[in-house]
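Have a look at the fold first.

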Amino acid sequence: MTWQRKLSFFLFVLAVILVTVGRHSAANDHWHLDDTPAEMSDAEEVELGKQVDEYIRHQFYLENDPDLNMVVNNITQRLVTVSDRNTLPFTCTILQSLSINAFSAPGGHIYLTYGLLKFAKTEDEVAGIVGHEVAHASLRHASKLYHDVMEILYRQSSGGAYSPESLLLLNSHLEEFEQDADTTGALYAFKAGFNPRGLLNFLERHLSLMIRKNMFGLAGLSATAEMITSRINHLREYLSTLDKGKK
Ligand SMILES: [Zn+2]
């Protein structure tokens with residue numbers, strides 16, 4: 001199913017939710033909720049984020065280079081200052097991995113791989129990526145996704161079937177979240193004084209690298225490449241309106 005191939009942020013949040021639910025299931029023998037599930041409160045989000053962050057820190061070696069961390073943290077703080085949720089305790093952690101990846105956990109935890117920082121050509125590109133992750137948090141995507149997944153599980157637990165519609169809805173939310181995080185992140189980058197085209201440049205170069213290296217595999221090619229291409233087109237359109245607004 002294509003929705004399973006979305007960016008790691010969402011898969012990651014899903015995994016965490018499912019693990020959490022799994023734990024409940026083991027304890028209670030069945031999953032149940034008293035009320036229709038709501039979105040997470042700030043405090044719940046921060047608490048979940050703490051657990052996820054602990055988990056990540058066990059899974060990866062952290063890149064401790066003080067200069068690199070300083071650069072990344074300066075970029076992050078500039079973006080957070082202009083964001084819509086700057087009361088969250090944002091952190092940006094560099095993971096010792098050569099893969100090119102960025103993701104976030106609830107509560108303002110952002111992770112970049114060393115491979116991503118090596119692949120980025122400019123500070124503006126890094127700011128584009130971090131801006132995208134800050135936007136996920138600002139737009140409360142983790143909380144909304146949590147709500148979606150809980151609703152699916154809730155329906156299932158009250159005798160309902162795993163409906164294809166709810167999965168389709170989840171899929172469309174995932175796409176929408178990615179595009180919204182792209183445009184909002186680019187706006188934050190612009191407001192913080194970076195070139196807002198940084199994320200677009202990064203995504204375009206990354207897509208052509210993946211195509212060159214044949215990284216999509218046969219089955220996943222169309223879905224993943226299509227998703228990134230539609231993000232690129234959506235972002236390009238947004239940037240042209242941002243350009244017009246400047247004049
Ligand atoms: Zn994302």
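What share of the contacts between residues at least 6 apart in sequence join residues at least 24 apart? In the protein chain that share is 73%, with a contact meaning two C-beta atoms, placed from the backbone, within 7 Å.

## Ground rules

This is a predicted model, so to speak of local features takes pLDDT of at least 70 and side-chain atom pairs count only at pLDDT 80 or more, while totals for chains, interfaces and linings use all residues. Residues are numbered from 1 along each chain as its sequence is written.

## Overall layout

The protein chain has nine helices and three strands, in the order α-α-α-β-β-β-α-α-α-α-α-α. Helices (H or I, at least four residues) and strands (E, at least two) are DSSP runs, numbered from the N terminus.

Of the 247 residues, 32% are buried. Buried means 20 or more other C-beta atoms within 10 Å of a residue's own, exposed means 12 or fewer, and partly exposed is in between, with C-beta atoms placed from the backbone.

## Helix α2

Helix α2 covers residues 42-59, and its end C-alpha atoms sit 25 Å apart, which agrees with the 26 Å that its 18 residues should span at 1.5 Å a residue. That expected span is 1.5 Å times one less than the number of residues.

Its buried residues are E45, L48, G49 and V52. They fall within an arc of 105° seen down the axis of α2, so they line one face; the arc is taken from the directions from the helix axis to the C-beta atoms. On the face turned away from that buried side are the exposed residues A43, E54 and H58.

## Helix α6

Helix α6 (residues 141-157) has 17 residues and reaches 24 Å from first C-alpha to last, close to the expected 24 Å. Its buried residues include H141, Y146 and L153.
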